[in-house]
Number of protein chains: 2
Amino acid sequence: MILTVCLNIAIDTTYTVPGLVPGSSHRVATVGARAGGKGVNVARVLTSLGQDVVLTGLAGGSTGAQVAADLAGLTGLAGLTAELVPIAGESRRTMAVVHGAEVTVFNEAGPLVTAEEWRAFLESYAGLVAAAGVVVLSGSVPPGIPASAYAELTGTAHTAGAAVIIDAEGELLHEALAQGPEIAKPNANEVATLLGRPARTTDDATEAAELLVKHGAKTAIVSQGAEGFVAVTPGKSYAVRPGRLVHGNPTGAGDALAAALADGLTKGQDWPELLRNAAAVAAAAVAAPLAGDFDARLAAELRNTIQVEEV
Amino acid sequence: MILTVCLNIAIDTTYTVPGLVPGSSHRVATVGARAGGKGVNVARVLTSLGQDVVLTGLAGGSTGAQVAADLAGLTGLAGLTAELVPIAGESRRTMAVVHGAEVTVFNEAGPLVTAEEWRAFLESYAGLVAAAGVVVLSGSVPPGIPASAYAELTGTAHTAGAAVIIDAEGELLHEALAQGPEIAKPNANEVATLLGRPARTTDDATEAAELLVKHGAKTAIVSQGAEGFVAVTPGKSYAVRPGRLVHGNPTGAGDALAAALADGLTKGQDWPELLRNAAAVAAAAVAAPLAGDFDARLAAELRNTIQVEEV
């Protein structure tokens, strides 16, 4: 079983409008709403990949109830179980207003989580992780959760014998590195503080990945969007490039990458095979309109076009 | 008891952002959410005016549950009872993004209501209206509800001996006029189709009010925003002007006016007194940041500055 953690779970709302004019009123043509947050996207992709997945996180209020109802609908379809810990606060919403080719996004910060609620989560997590082969820790955390959160969750996973993939940034990532996660997977923007500058080139991304390993990650993958990613593994380093450009919505491609890495780890694939598959799934996710979806047929088609080169 | 009808009930969400840049991502600084829709605003103002109010409408899904929970909180405070008829569809949300002095609004259309759900509402309404002295019919209706809706609700109210105030536009208003509502109260923009042109001047507004009476309204009031309103009553016609300009949020001022008209009708006030009070409440509502709120002390202060002139 793969355990995915989404501490800042959300309802992702999508409005379609003909155009966006600040200061005026708009009739919304179509409304979409579904459970979201990076960890939820990861869980969706893993479910599509045929994995047995448990999704955990914090959920509260009417938005939390809506998240639970949406996930219950998914559970009926596939191997996804949601084990959400209740909180008193109202879970957040995100709002994406789609106007023509542009998207305007509004992100709520999330509810304040109390120390007691965080302790209840840690207790629940310790029970769930005992049955997990891989744990994926994704995204930001709501107010009230300490910066040491992912470090603590990584330590607990290792004690239980589970491998950890962390896709986060800032203090959450930096503190977790000392616990030696199996894979750290930030994107090029997210390593800017670590590197002291944005990672613009492949050399920058490689240097950032080496720094992540120096700080404790066993393998570090720094993604560069449509250009692919670099991977510094315990043995060798690789540059992984898509063979062709996929047009669409890049939101969620990083989550698809994290999911595919977890999939590969559970299957015991060697690094070149694992990285090739992961790059294909991430690229195929770009073609899907909604984060968390991907086209399995497209992923299979793209797989042979991916270039995996030792660097 | 005053019965307020809100067929297109909503959760009104307010986001505060430092600035709005189409095509980019925004962190939301503050989030507000409460039950809304014109009929809900009317019910809030009537409750503040000390009236015994029953609010009815259609509510469904997680948004409907959030509306019911919010109204239950209000019920504890004052004389408001919510009698919402359940529907299968998801009640709508409205989103107001506040950036500096500007507000950008997104309005969902509302859920599709089935013929069976509409019949269930009519049955519930017939029971509620039996105890009402005045019924207020406000705003748009969700898809699936016939254009004859307010005509039918007006007829049922009259059979039960209740007076009707209608604040709507288009076919909903036009069909209801034939049933002789006690007061029709559109705003100057909403009478454009009736008049064949926008009502820009007091003469235009008076002409529109006379047309509303000609089509069946016993009294017609056409509001002109900050300039006040004109009233064509069975005896005389009046121009009602605020004595001083109130700055703030005009959203909801029309609902406050409808509420104050209902308040005056139940108290049997003569037209000049009723119109003066109503204008003061509407003007005071502009000073309140949220639609449905008004400052009773400011309304009392403004009352003496209102000019009510026969025309």
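The same surface serves both copies, as 100% of the contact residues of chain A recur in chain B, contact meaning heavy atoms within 4.5 Å.

A quick word on what we're looking at. This is a predicted model, where local features need pLDDT of at least 70 and side-chain atom pairs count only at pLDDT 80 or more, while totals for chains, interfaces and linings use all residues. Residues are numbered from 1 along each chain as its sequence is written, chains are lettered from A in the order in which they are written, and side-chain values use heavy atoms, leaving out hydrogens and water.

Now, how much area is buried between chain A and chain B? About 2,100 Å², of which carbon and sulfur atoms give 57%; that is the accessible area (1.4 Å probe) that two parts lose on being put together, summed over both. The elements that give two or more residues to chain A's side are β3 (25-27), α2 (61-77), β7 (92-99) and β8, and β8(A) gives the most, with six residues. Helices here are DSSP runs of H or I with at least four residues, and strands are runs of E with at least two, numbered from the N terminus. In total, 25 residues of chain A are in contact with 25 residues of chain B.

One open sheet has five strands in the order β4(A)-β2(A)-β7(A)-β8(A)-β3(B), with mixed pairing; two strands pair if DSSP finds at least two bridges between them. Its edge strands, each pairing on one side only, are β4 (30-36) of chain A and β3 (25-27) of chain B. Where the chains meet in this sheet, β8 (residues 102-107) of chain A and β3(B) pair in the parallel sense over three bridges, and A:Val105 has B:Ser25 as its bridge partner.

The other open sheet runs β3(A)-β8(B)-β7(B)-β2(B)-β4(B), again five strands with mixed pairing. Within chain B, seven bridges join the parallel strands β2 (residues 10-16) and β7 (residues 92-99), and B:Tyr15 stands opposite B:Val97. Thanks, all!
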